[in-house]
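Hello,

Here is the structure I promised to pass on. Please have a look at it first, and then read my notes below.

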Amino acid sequence: MAHTRIRKFNTRETYPEQKLDNDLCQAVVARGTMVFLRGQIGQDLDTSESVCIGDVKGQTEQAMKNIDMLLKEAGSQLDHICKLTIYISDPRFREDVYTVVGKWLKGVYPVSTGIVVTAFARPEYLVEVDATAVIPD
């Protein structure tokens, strides 16, 4: 395969309450130069357990912790993020979410898109952050 897939999983294990059977992964390293991350949420990647239920700041911290960890596993780091997409379920969460993201990415200056959505895969999710980064030479 031309690309490396990091932390493969199947949705029937991640979302047992839903009748899904999709093979996905948390990150794809494309030909060793780019990293595409799955949208990260308030979920512990090692246990698939939801964390910080009802706490948008806590969920954003977990999402950014996951992004940091996945980028390192892929051979990159936060400094190499080029693009973020931030999804929130309530526009009133914007300041809290962006404050947390800003703390993690101080001095990075990625491009970013923010979107308000009506719902996520599980009702306890309040925010989702996905990222695209490069792997430096």
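A word on terms first: buried means under 20% relative accessible area, exposed over 50%, and partly exposed in between (1.4 Å probe, protein chains only). Helices (H or I, at least four residues) and strands (E, at least two) are DSSP runs, numbered from the N terminus. This is a predicted model, where local features need pLDDT of at least 70 and side-chain atom pairs count only at pLDDT 80 or more, while totals for chains, interfaces and linings use all residues. Residues are numbered from 1 along each chain as its sequence is written, and side-chain values use heavy atoms, with hydrogens and water left out.

Now the sheet. Six strands form an open sheet with mixed pairing, in the order β1-β2-β3-β6-β4-β5; two strands pair if DSSP finds at least two bridges between them. At the edges are β1 (3–10) and β5 (111–116), each pairing on one side only. Strand β4 (residues 81–88) runs parallel to β5, joined by six bridges, and Tyr-87 stands opposite Ile-115 in β5.

On to helix α3 (residues 94–104), which lies across β4, β5 and β6 at about 155° to β4. Axes are lines fitted to C-alpha atoms, for helices over the stretch in contact (heavy atoms within 4.5 Å), and angles run from 0 to 180 degrees between N-to-C directions. Val-97, Val-100 and Val-101 of α3 are buried. The buried residues of α3 fall within an arc of 95° seen down its axis, so they line one face of the helix; the arc is that of the directions from the helix axis to the C-beta atoms. They pack against α2, β4 and β6. Turned away from that buried side, the face of α3 carries the exposed Glu-95, Thr-99 and Lys-103.

Best wishes
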